[in-house]
Structures are given as C-alpha cells and as structure tokens.
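Subject: Structure handover

Hello,

Here is the structure I promised you. Please open it first, then read my notes below.

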Amino acid sequence: MDRLLIEGGTPLRGEVLISGAKNSVLPVLAASLMGEDPLNIDNVPYLQDVVSFTQLLSGMNAKVTLGEKGRLRVDPSPLNHPHASYDIVRTMRASILVLGPLLARFGEATVSLPGGCAIGTRPVDMHLNGLKGMGAEIDVSDGYIHARAKRLCGTALKLPQPTVTGTENLMMAASLAKGETLIENAAREPEVEDLARCLVKMGACIEGAGSERIRIEGVDNLHGATHWVLPDRIEAATYLAAGCITGGCVRVNQVSPRFMGAVLHKLEECGANIESGEDFIELDMRGERPHALDICTAAYPGFPTDMQAQMMAISAVAQGASSITETIFENRFMHISELARMGAKIRVQGHTAIIEGVERLSGAPVMATDLRASACLILAGIAAEGETIVNRVYHIDRGYEHVEEKFRRLGARVQRLSEQVFA
Ligand code: EPU
C-alpha cells in the first residue's frame with residue numbers, strides 16, 4: 001500500500017488544472033449502457049473509481065476503449081450479462097448506478113447490495129422503492145438485488161429526502177420507461193444536471209434536472225452521443241482549501257465557479273480574497289492565518305459534505321473556535337482522531353465538532369479512512385511543522401487525479417512512497 005510523505009510548512013502558490021468530476025463520470029458511464037450505440041465521454045479523470053467502473057462494464061461484456069486526451073468510448077452492444085458482482089460493488093458503492101440502466105434497457109438486473117462504508121450505513125431503499133413504483137419486481141436475496149420488469153412504467157415519485165445517486169438511478173430508468181415520470185424532492189447537485197445533459201444528448205426527454213422537480217417522458221430507445229464531463233467542484237475546492245490553510249495564493253483553472261457558491265462563501269469568511277471568472281477561481285490569503293468558521297453540511301446548494309473534512313483541517317489551525325456539523329452521513333468524523341494526533345484540539349458533541357484552532361499542527365504518521373478524510377490529512381500535513389506520513393492513500397486515488405503532482409505544482413513537498421520503497 002502506498003503512503004504519502006509530506007514535509008509541511010510551505011505556503012502554496014500557483015495554478016492547477018482541475019479534472020473531470022468523479023461523481024459525474026460514474027453516472028455517465030452507467031448511462032452508456034442504455035444506448036443502442038457507443039457513447040464517447042471526454043474529460044474523464046484517471047481515477048481508481050473510473051478504472052473499477054470500466055471493469056464493471058467490461059465484466060458485463062460492454063466494450064470499453066480508451067482514446068486520446070482522456071476520452072473513453074463505451075459500446076454497450078455486446079452486453080449480455082446484466083450482473084454486478086460483489087467483488088466490484090464492495091470496492092465502489094457507486095456501482096449501484098447500473099441498476100436502473102440495466103433494468104430499463106434489458107428488463108433484468110442482478111446487482112450486489114452495497115454494504116455500509118466508513119462514513120455511514122448508506123442504505124439504497126429509495127433507489128429500490130422508486131424502481132418498484134415504476135413496476136419493477138425486486139427481490140433481495142443472497143446479498144444481491146434481483147430486479148425484473150418487462151417495461152418500466154412512468155409514475156409520480158416523491159423522495160423522502162434528496163439522494164444523489166438515487167435521483168440519478170431513477171432518472172436513467174425513467175428515460176426508457178413507458179410514459180411520464182415525475183421525481184419530486186430530487187437531488188439538485190450539478191452532477192445530476194450533468195447526467196441529464198448527457199441523457200438528453202442520447203435522445204432522452206428530461207426537464208428540470210438541477211431543480212427539486214424532474215419530469216421525464218420515457219422514450220423507446222436511446223442512441224450514442226459525445227459528452228464532456230463537468231469539472232470536479234470538490235477537487236477544485238480542495239486545492240483552494242490548501243491555499244487557505246497555508247496562507248498562500250492558489251488559482252484553479254477549468255472549473256465552474258457557479259456551482260461552488262457555498263464553499264467559496266466559507267473560504268471568504270476564513271479571510272480569503274477570492275476572484276473568479278467564467279472558468280477560474282483565484283484565492284489569496286496574503287500570508288494570513290485563516291479565521292474560525294461555522295459550517296453545517298446540507299444537500300446542494302448547501303455546504304457539501306464532501307468538503308467537510310477539508311474545512312476541518314482549516315479550522316484546526318484557524319484563529320478562534322469553529323463549529324462543524326455533519327448532517328448527511330452519521331459517521332463522517334473519522335479524520336478527527338487523526339487530526340488530534342497532529343495536535344488539533346477538537347471535541348465532538350453529537351453531530352457537531354467544536355474545534356479550538358491552534359497556531360501550528362505538528363507532523364505525524366496518520367491513517368486515511370476514506371476519500372475526503374485523506375484530503376483533510378494531506379491539507380493538515382502540508383500546513384504542519386515537520387513530516388507527516390499519510391497511510392492508506394489508495395483512498396485518495398479513488399477521487400483525486402495525479403494528486404501528488406498537482407500539490408507539488410503548487411510548491412507542496414509531497415512524495416509518494418510506493419510499497420517497494422519502504423518494504
Ligand atoms: N439515503 C437513504 N436511502 C437511500 C439513499 C440515501 O437513506 O436509498 C441517505 C444516505 O444514507 C444519506 C443521504 O440519504 O444520509 C444522502 O445520501 P446520497 O444518496 O445523496 O449519497 P450517495 O448518492 O450515496 C453521493 C456521492 C457522495 C456524496 C453524497 C452526498 C456519488 C457517486 N457519491 O453519494 O460522494 O457524499 O452523494 O452529496 O455521487 C465522495 O465523493 O466522497 C462521496 C462520498
């Protein structure tokens with residue numbers, strides 16, 4: 001297992017190019033199964049989750065080809081095995097996204113039931129109930145979801161709470177259903193809207209994606225298309241947070257600032273000067289230490305849970321006391337005990353962490369427990385005095401492309417120790 005060795009204490013300065021969004025490319029890959037001909041996907045980030053997803057598609061006999069400049073081409077026509085095995089699903093919960101497309105396109109699907117993960121129990125009841133509402137017969141046995149439907153029927157669905165992949169699964173299934181489907185209380189994340197854009201290019205009739213009410217008129221078939229994946233707002237925000245925590249000046253390029261309002265607002269509250277244009281954001285801390293902040297995570301357009309851990313690293317060295325409340329996942333505070341090993345002063349009351357900022361963290365060996373917790377620990381290591389070793393960096397490779405190269409471009413002293421080096 002690789003580790004990252006970080007020598008902290010340097011303010012980050014420079015520019016970084018942001019990759020396509022992990023949480024957009026995965027549903028788009030799932031949508032590729034629904035067409036009659038190939039889907040070309042551009043701006044695909046090279047991430048472990050993308051590799052796993054393409055293995056999932058190849059395992060069903062879809063043909064996946066890697067082209068130039070990050071293009072992936074998926075030809076679903078040879079697909080003859082609508083089955084997602086436990087071996088893949090256990091490594092990547094987003095595999096559940098193939099359930100709706102397979103069922104709608106092939107009339108049947110067998111998908112391993114995802115278990116919980118480090119950040120919470122993460123049930124998929126809303127995915128299953130929505131598909132049942134559209135007429136699917138669903139049986140869960142031997143750890144697998146077995147779903148069947150001759151043809152799904154459009155219906156009115158009201159989600160008990162917004163779910164990102166749940167909304168995506170149902171929107172994809174409804175695109176090939178008979179008649180109209182209305183999804184109310186839908187997730188409004190930009191990645192849902194991006195998926196809808198891709199489906200519309202494939203011939204789907206979808207209105208309202210990006211709002212809480214999505215209307216889908218089912219069509220008989222979908223065709224191939226070319227889609228450019230939207231930039232990763234969480235990756236962009238993570239590099240801006242790195243500028244903030246080190247008192248530096250960081251510019252992120254090829255981004256969509258309009259989807260990042262809640263995070264940019266909090267970074268400004270920390271004392272950052274922020275300028276943005278059509279496709280860039282520049283953050284300048286002018287050498288200052290960040291101010292304390294209060295955050296409560298919420299579904300989009302609220303503050304994203306996927307940035308909670310990174311902001312916790314900032315609050316650990318901020319002037320004054322901060323509070324961070326996590327409302328989306330019940331166990332997304334695993335980074336706290338690792339930050340404490342670096343000298344952070346944090347106490348937890350229920351779903352809220354109270355953080356008393358310290359002037360400096362000190363480097364230490366720490367353990368990453370999930371993707372965003374890894375990002376938090378890298379930020380903490382970059383800001384800390386001395387040497388930090390982040391163990392289990394395979395978590396970060398799931399969601400950050402070329403992570404150490406990008407941090408090094410900004411002047412961070414980050415080095416990957418691969419197994420052979422420290423064995
Ligand atoms: N929920 C249910 N039942 C369901 C579905 C969700 O109770 O059937 C609950 C969840 O347990 C959670 C809440 O609803 O409390 C919202 O979860 P959601 O379904 O929106 O999460 P998700 O779709 O599984 C996606 C992202 C996550 C991100 C969340 C929240 C993808 C592939 N994953 O997960 O990304 O944290 O939305 O924004 O899009 C990450 O990138 O690090 C990551 C975990």
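Start with His-402. This residue is partly exposed, because its relative accessible area is 43%, and partly exposed covers the range between under 20% (buried) and over 50% (exposed). Keep in mind that this is a predicted model.

You will find His-402 in the loop between α13 (394–397) and α14 (403–409).

Now go to Asn-61. Here, too, phi is positive, at about 80 degrees, and Asn-61 is not a glycine. Asn-61 sits in the loop that runs between α2 (48–59) and β4 (63–66).

The bond from Tyr-300 to Pro-301 is cis. Its omega is near 10 degrees. Pro-301 belongs to the loop between β18 (294–296) and α10 (308–316).

Then turn to the ligand. There are 20 residues around the ligand. Which of them come nearest? They are Asp-125, Thr-163, Thr-165, Asp-306 and Ile-328.

- Thr-165: a polar side-chain atom lies 2.6 Å from an oxygen atom of the ligand.
- Gln-161: a polar side-chain atom lies 3.3 Å from an oxygen atom of the ligand.
- Pro-123: here a backbone N or O atom lies 3.3 Å from an oxygen atom of the ligand.

How much of the ligand does the protein bury? Taken alone, the ligand exposes 830 Å². The protein buries 88% of that area.

Which elements give two or more residues to the shell around the ligand? They are α1 (22–31), α5 (125–133), α6 (164–175) and α12 (371–383). The largest share comes from α5, with 3 residues.

Last, the make-up of the shell. By class, 8 residues are nonpolar, 6 are polar and 6 are charged.

Best wishes

Key. Residues numbered from 1 in each chain as written. Predicted model: local features only at pLDDT ≥ 70, side-chain atom pairs only at ≥ 80, totals over all residues. Heavy atoms only, no water. Helix = DSSP H or I, 4+ residues; strand = E, 2+ residues; numbered from the N terminus. Buried < 20%, exposed > 50% of the residue type's maximum accessible area, 1.4 Å probe, protein only. Near = heavy atom within 4 Å. Polar contact = N/O pair within 3.5 Å; in protein donor to acceptor, adjacent residues only side chain to side chain. Areas by Shrake-Rupley, 256 points an atom, 1.4 Å probe, with all protein chains shown as cover. Nonpolar A, V, L, I, M, F, W, Y, C, P; charged D, E, K, R; others polar.
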